[in-house]
Amino acid sequence: MAVWRSRRRVGDTHLTVLPPEETGRRRRARRRWLFAAVATFILLNVLAVGAYANARFTPDNQRRGPAGAKSVPAAVRNGGTVVDLRSGRVDARRMPAKTIALTFDDGPDPIWTPKVLDVLSRHHVPATFFVLGSQVSRYPEITRRMVREGHELGVHTFTHPELTNVPSWRRRLEYSQTEAVIGYTTGVTAPLARLPYSSGVDAVDDSDWPIIRDTGRWGYVSVFEDTDSRDWARPGTNAIVRNATPKGDRGAVVLLHDSGGERSQTVAALDRFIPEMQARGYRFTTISEGLGWPAAAPAGVGDKIQGGLLAWAVRIADGTVRGLWLLLIVVGLLTLARTLLLFGYAVRHARRRRAPTWSWGDRMNAPVTVIVPAYNERETIAAAVRSLATGTHPEIEVLVVDDESDDGTADEVERLGLPNVRVVRVPGGGKAAALNAGVALARHDLLVMVDADTVVEPDAIHRLVQPFADPRFGAVAGNVKVGNRRRLIGRWQHIEYVIGFSLDRRLYDTLHCMPTVPGALGAFRREAVQAAGGLSRATLAEDTDLTMGIHRAGWRVVYEETAVARTEAPSTLPELWRQRYRWSYGTMQALWRHRRSIIERGPSGRFGRRGLPFIALFSVVLPLLAPVVDIFAVYGLFFLDRLETAVAWLALLAIQVITAILAFRLDREPLRPLWALPLQQFVYRQVMYLVLVHSVVTALSGGALKWQKLRRTGEVAAQPTAT
């Protein structure tokens, strides 16, 4: 698509002039990019926090096999359940006889911890809860309830990793972060700690001992268990009670869980276990109370500040991840809806058009004026004009409107010496002004607008104007294809054109809400153009703006897929970025400019209520949300189940491949270029995402965008035209 830059005439020289506000625009552009970079950085960090809080950096797996116990002191393996190494020497203690300390791991949980607390409250029994810092961050009120009702808190790490698999600094972090969050949430310290996946002291091995030593050095007391209820296996209420019961009159630290899964059996067993043990003369206590240690001390200011930052970071991360999951569901539903619509309506459209009885009406042989706006298009203009002037339509006038080109574009056209070609030179005013001039100067009422870098098939113009046999039709969209496909970026655009433009236009044609008659190849009745107010300079997508205006004026807009033209697509990523940025921004401008049609009556209202939401949903909202798929694909490969993530991503790719095959078949295109489709997912698609985000940021910030001239190679012009 040919484009212009704003220019000002100084004497006989054409100069590019920066308007007075250009410096401010560039400053705003830099601010927008800085904002986008900061927002991306924050999002990545939030996702990292979410992954960390959900134990994704280290696998939550089973313990390794026994590693031997040569380094473990006998006083530990044969001593008490509570191992205190804070003084540097082993102090291993047990609960007194007839004394039970109920301990619960992995909480708090929003469902099961309150049920456990209710049972404890009903029986007036205290307990010790070894909590996860991440869960305390998420459920602070439950944690405060524990302390308020006389229970004791202990550290069970922040994310529940297998500590033998992580370095010492990470272990220290797991302890200190959990204690900080506990301090922020409850105002008290937590001097007790329990290793994830630990059991009794007799199971401590050489891999555990350094961790237990460090635990004491960091100021924590390691707590193990005397009886393991094995409630995590859900063996049944009777088995849990039996497993938790100490032998004889021994005191015991009983291991239970208030989180990590469905815990209804634990709650039921607890409601039986407590009265049964009380009937046998047992008393229930916390770890510290049972050993005669003082209650937890108040938390320091530093811990509270650190804990507050951690807690809010986890909550924000959780909210962000939940929001992204919601967006992912929305994207999935929109993608599914779009795919079903495309398959249903596009196939129906193709079948109807290919039926032997299909016809637009009487053959349309009325004369046509082809308007070719041009600004510095010397490389491509000759081939474009020659393909237009020698077409098979009975009478074609080619009107080249030169917008003050300074590269000899007009001279190149005049040298062709074609009798049905006119060249007019107009003051530089941009593409919309050049097209308006062409409309005013055209000799015929059927108008075809073609970009100066587009080469049409010999019968394209004749086929394009056939729908005008029906007086209801005011504009016709042609089938534009990418001509320069030899490079990978051109092949990607070819795939996009066939899928996104040709297939979508079949859908829009069926629904009577065609959003754009492309500037590369489109036909119009002069009356329809005038009814729409001509081409406006208010948007950068003058073709989309004009098409919407024609709809609102009461005309039908249709798609003629057999009218084929080849255009030169951008050959580098920077040029592609500039083109799509202008397209995206211009489309948003057009949607905003015609927004009142939603509430209007008549043809304008019918188009507005059907077309604008549909176009906004599938042309702006869906592409804008689509990056969520890639974000979660990367996130899932690192922090979620890799197999499930890969299967989900491949399923989406399969949908795209099936859609692409359908589009190529309907457009009678060979399938060979589709080998590049999987590669398109890793570069091209991300560029399109960023372009759209950039356009939205520009639109929301009120930024302006000027015309930019794309570099043309003449590759399409050099190709032979089909005959």
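Helix α8 passes α9 in a right-handed crossing. A crossing is termed right-handed if the near helix is turned clockwise from the far one by less than a right angle, and left-handed if anticlockwise. The structure is a predicted model, in which local features need pLDDT of at least 70, side-chain atom pairs count only at pLDDT 80 or more, and totals for chains, interfaces and linings use all residues. Residues are numbered from 1 along each chain as its sequence is written, and side-chain values use heavy atoms, with hydrogens and water left out.

Helix α8 spans residues 237-244. Helices (H or I, at least four residues) and strands (E, at least two) are DSSP runs, numbered from the N terminus. The axes of α8 and α9 come within 9 Å and cross at roughly 50°. Axes are lines fitted to C-alpha atoms, for helices over the stretch in contact, and angles run from 0 to 180 degrees between N-to-C directions. The two helices are therefore oblique to each other. Angles under 35 degrees count as roughly parallel, over 145 as roughly antiparallel, 65 to 115 as roughly perpendicular and the rest as oblique.

From α8, T237, N238, I240, V241 and A244 take part in the contact (heavy atoms within 4.5 Å). Their partners in α9 are Q265, T266, A268, A269, R272, F273 and E276. By class, this contact has six nonpolar, four polar and two charged residues. Ala, Val, Leu, Ile, Met, Phe, Trp, Tyr, Cys and Pro count as nonpolar, Asp, Glu, Lys and Arg as charged, and the others, Gly among them, as polar.

Helix α9 (264-279) also packs against the buried residues of α3, as do β5 (99-107), β6 (128-131) and α5. In α3 (residues 112-122), W112, T113, P114, V116, L117, V119 and L120 are buried. Buried means under 20% relative accessible area, exposed over 50%, and partly exposed in between (1.4 Å probe, protein chains only). H124 follows α3 and has a positive phi, near 55°.

V413 lies in helix α13 (residues 409-414). V413 is buried, at 2% relative accessible area. V413 touches I381, V385, V400, V421 and V423, not counting residues up to four places away in sequence. V413 and A384 are 29 residues apart in sequence and 9.8 Å apart in space, C-alpha to C-alpha.

Salt bridges number 40, each a side-chain nitrogen of Lys or Arg within 4 Å of a carboxyl oxygen of Asp or Glu. One of them joins E141 to R144, with the closest N and O atoms 3.4 Å apart. Both residues lie in helix α5 (residues 140-148), three residues apart, about one turn of the helix. E141 is partly exposed at 44% relative accessibility, and R144 is partly exposed at 33%.

R171 pairs with D214 in a salt bridge, the closest N and O atoms being 3.8 Å apart. This pair links distant parts of the chain, with R171 in helix α6 (residues 168-186) and D214 in helix α7 (residues 209-217), 43 residues apart. R171 is buried at 13% relative accessible area, and D214 is buried at 12%.

A salt bridge also joins the side chains of E669 and R485 (3.5 Å, N to O). These residues are 184 apart in the chain, E669 in the loop between α22 (642-666) and α23 (677-680), R485 in the loop between β18 (473-482) and α16 (488-511). E669 is buried at 10% relative accessibility, whereas R485 is partly exposed at 24%. A network of salt bridges links R353, K481, R485, R506, D509, E561, D667 and E669.
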